[in-house]
Amino acid sequence: MKASFTNIIDTQFTITELTEGDRYEFRVIARNAAGVLSEPSESTGPITAQDEIEAPSVSMDSKFKDVIIVNAGDTFTIDADIAGKPLPDIMWLKDGKEIDSATQRMEIKSTITRTVLTVKDCIRVDGGHFVLSLSNVGGTKQVPINVKVLDRPELDADLRKIVTVRASATLRLFVTIRGSPEPEVKWTKRKELPDGRWLKCNFTNLQETYFDVTGLTEDQRYDFHVIAKNAAGLLSEPSEGTGPVTVKDDVDPPRITIEDKLRQLVVVKAGDILRIDAEISGRPIPVISWSKDGKEIEAKARVEISSTLMSTTLIVRDSIRRDSGQYVLTLQNVAGTRSLAVNCKVLDRPGPSSGPLEVTGLTAEKCTLTWGPPQENGGAEIQHYIVEKRETSRLAWTLVYADMKATTCKVTKLLKGNEYIFRVRGVNKYGTGEALESDAVKAMDPFTVPAAPTNVEVTSVTSEAMTICWERPVSDGGSSISGYVIEKREKSGLRWVRVNKRPVYDLRVKASNLREGCEYEYRVYAENAAGLSAPSVPCPLTKAEDPLFLPSPPAKPKIIDSTKTTITLAWNKPLFDGGSPVTGYSVEYRKTNDEDWIVGTKSLKMVLEGLVENTEYEFRVKAQNDTGISYPRDALSSVIIKEPRIEPTADLSSINKQLITCKTGNSFAIDIPISGRPTPKVTWKLEEMKLKETDRVSIKTSKDRTTLLVKDAKRGDSGKYYLILENAAGAKTFTVTVTVFGRPNPPTGPVEVSGITSESCVLTWAEPTDDGGTDITNYIVEKRESGQTSWQVVNSSVKRTTIKVTHLTKYMEYTFRVCAENKFGVSKPIESQAIVAEHPFSKYN
């Protein structure tokens with residue numbers, strides 16, 4: 001059939017009055033103004049008339065994905081292309097409520113394919129969270145759009161009295177500034193009130209609630225008010241003025257205010273933080289100084305002093321016993337001086353008991369110990385003492401008493417002849433104190449004098465002197481021999497005369513200043529702590545005359561070293577030089593079974609060279625003086641010449657527990673004596689890496705020592721160092737552990753900021769990847785307000801990796817940073833992203 005619709009200008013048309021369920025075909029004929037018809041288009045083909053469902057959809061400009069920013073007074077439009085079958089219902093919402101399109105400034109226009117929201121002469125409250133919502137039987141589609149309106153700031157200022165000084169003034173004000181974005185503050189002033197002129201001051205971005213105004217004239221009258229401006233360049237209305245103010249000298253003596261608890265004794269435990277906070281005031285600003293027990297305190301590793309115009313804080317970290325005392329804060333300006341004392345006490349373990357630790361009544365089985373109480377009790381009553389003993393031949397201590405109340409006690413069950421050291425430690429409720437040790441004593445019955453020395457004889461004689469030798473007594477009387485006393489007597493004399501003015505410790509003495517031709521006899525006394533022994537049996541009479549006989553043979557030679565072709569012999573001087581000084585020695589050697597001896601050299605030590613490997617040799621030594629050559633002294637036995645093989649070894653006894661510690665930036669050395677035959681090859685390794693010499697690492701090795709030196713130590717130099725020694729007899733490895741301590745790495749970021757409100761937020765971070773070799777003691781958290789260059793401490797003793805920051809200023813932009821601290825220093829900081837202190841759904845956003 002032919003449809004009755006004509007003059008269709010659009011290329012889209014809706015056909016009505018169809019019967020649901022019937023099938024239709026459609027085609028289009030064009031007609032021009034002359035009434036000429038075109039040929040019909042192709043048919044659409046059979047179509048059944050029935051409802052078609054298509055979910056709503058929206059197409060918008062990409063600019064609506066970001067926050068739309070407009071200035072107050074302007075007009076903004078949000079438009080969108082829409083689709084859906086059947087046609088969707090259109091709804092516009094703002095901050096969760098449907099928009100009433102009947103308002104004078106807000107208009108909504110919609111067609112079947114488009115919807116437009118227009119807001120005229122917008123004000124700040126027109127900004128917010130808009131939502132376009134479409135719905136039909138096929139579903140619902142919602143599109144959010146955020147709009148921010150930049151308006152003039154609102155200023156709520158209460159300017160209080162101005163405290164002035166010559167040619168400058170400090171404005172004390174309390175001001176709340178609202179606006180988006182957050183406004184900056186500008187000041188204006190009016191000079192000579194009657195003239196009515198306001199002069200603009202060039203101070204901007206004021207962050208504090210006070211400001212120093214300079215360039216004023218003394219005795220002039222001024223009025224001040226404040227204006228806020230935001231980033232959009234919009235100015236607030238001026239605040240009310242301060243009222244007339246005359247610039248003149250104004251001084252105020254210093255004042256100090258502290259918490260009531262600081263006026264009493266401040267008590268902290270050792271290792272905790274000691275903190276004293278004080279509020280201060282005064283005109284002009286007073287000079288601040290802190291002292292302790294009469295000495296001025298300076299900031300150092302554990303001590304921090306921080307001050308502002310209105311406060312000062314003293315912090316002592318990791319407090320120890322000597323941090324106890326009286327701390328005095330002193331303020332001084334032209335108006336006077338004010339001091340305030342705070343008494344502090346650090347509770348700690350006790351110090352060592354007052355000594356000495358006396359050992360009395362010593363026998364072979366027991367003794368009595370006596371000591372005094374500690375001079376420093378750590379701030380708490382001494383509860384008891386721990387008494388211990390140790391044999392000097394052992395490293396372990398044995399408990400004697402675990403709960404001794406008195407300062408004297410009896411020690412029993414000692415072993416006769418063993419040497420002991422005793423120690424005492426005081427205990428209070430905070431722990432066990434430092435030890436007081438006694439001198440070493442031997443468990444013996446009361447001492448007696450030693451027995452007399454034996455076998456006194458003269459071993460060397462000249463016309464002027466004699467050498468006397470003897471043997472030790474068979475008993476030392478229970479105390480070590482401290483020396484010997486020698487006496488002489490001429491044959492015709494009645495009196496014994498001392499030979500030595502002081503006791504000698506050797507078993508030999510030379511008696512000089514003799515009379516040639518006289519006969520002398522000698523006797524010897526032994527001395528210990530109990531006194532002198534009885535005298536020895538005198539030696540036979542000996543005439544003081546030069547001898548006319550040969551020296552005695554040298555002491556038996558010893559073989560002290562050998563190689564494939566050499567051997568080293570050593571020997572002692574003859575006991576008797578024959579009455580004439582020994583002038584030299586003759587060393588002879590021969591191959592075993594040979595008859596002829598080969599002459600060597602003249603000295604107390606000789607290296608024989610040119611020997612044949614794996615050949616057996618015999619050796620002997622003769623002494624010579626002016627009279628002649630002594631009888632020979634043979635070696636112990638024949639020797640086969642060959643290179644000895646001794647397994648390499650190293651002496652690590654000088655390195656305590658094979659552990660070396662070093663602070664970053666310093667140097668450390670591992671110096672180890674080595675031995676072995678042949679001389680071992682030396683290799684140094686750090687973990688699995690073979691060490692080579694660099695600008696920081698040097699290795700020096702000699703026959704009997706190797707030294708590894710590391711300069712400018714770094715944390716990466718920590719680890720196990722292996723010394724490897726190798727020769728033909730074997731190989732050995734020795735280990736030394738090195739720990740390099742230093743400041744920690746920065747905390748692991750990012751610094752996440754969550755839970756943001758207008759007054760607080762929560763910061764979270766992770767531990768450093770490297771703690772510097774020792775535990776992280778705390779974290780330091782700081783904040784910086786937008787436009788400021790200085791950082792303010794939020795908390796310098798944070799123990800965990802999260803903190804809630806409070807007392808933020810509403811709408812202020814903040815950046816935070818965090819440092820880690822250990823006992824060696826503070827790490828570099830990591831910073832957070834900037835955030836604005838505001839509720840996430842504030843009506844001002």
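Is T103 buried, partly exposed or exposed, and what is its relative accessible area? T103 is partly exposed, at 40% relative accessible area. Buried denotes under 20%, exposed over 50%, and partly exposed the range in between (1.4 Å probe, protein chains only). The model is predicted: local features need pLDDT of at least 70, side-chain atom pairs count only at pLDDT 80 or more, and totals for chains, interfaces and linings use all residues. Residues are numbered from 1 along each chain as its sequence is written, and side-chain values use heavy atoms, with hydrogens and water left out.

T103 sits in the loop between β7 (97-98) and β8 (106-110). Strands are DSSP runs of E with at least two residues, and helices are runs of H or I with at least four, numbered from the N terminus. A C-alpha separation of 9.6 Å is computed for T103 and V119, which are 16 residues apart along the chain.

Strand β11 (residues 139-150) has two partners described here. Strand β4 (residues 68-71) runs parallel to β11 and is joined to it by four bridges. I69 has K148 as its bridge partner in β11. Strand β10 (residues 128-136) runs antiparallel to β11, with nine bridges. Two residues separate β10 and β11, which form a hairpin. Within this pair, N136 is bridged to G139. Strands count as paired if DSSP finds at least two bridges between them.

Strand β59 (residues 705-710) is also described with two partners. Six bridges link β59 to the antiparallel strand β55 (residues 668-677). Five bridges link β59 to strand β58 (residues 697-701), again antiparallel. L708 takes part in both pairings: L708 is the bridge partner of I670, and I699 stands opposite L708. β58 and β59 form a hairpin with three residues between them. The covered face of β59 carries T706, L708 and V710. R705, T707 and L709 lie on the uncovered face.

T683 has I724 as its bridge partner in β60.

Two surface patches complete the description. Patches comprise residues with over 30% relative accessible area and no salt bridge; like charges are joined within 9 Å, and nonpolar side chains (Val, Leu, Ile, Met, Phe, Trp, Tyr) within 5 Å. A salt bridge requires a side-chain nitrogen of Lys or Arg within 4 Å of a carboxyl oxygen of Asp or Glu. Accessible areas come from the Shrake-Rupley method with a 1.4 Å probe, and for residues only the protein chains shown count as cover.

The nonpolar patch consists of F13, I15 and L18, with about 240 Å² of accessible area together. L18 belongs to the segment before β1 (23-24). The relative accessible area of L18 is 33%, so this residue is partly exposed.

The other patch is negative and gathers E464, E516, E545 and D546. Asp and Glu count as negative, Lys and Arg as positive; His and the chain ends are not counted. Each charge is placed at NZ of Lys, CZ of Arg, CG of Asp or CD of Glu. E545 lies in the loop between β44 (542-543) and β45 (558-562). E545 is partly exposed because its relative accessible area is 40%.
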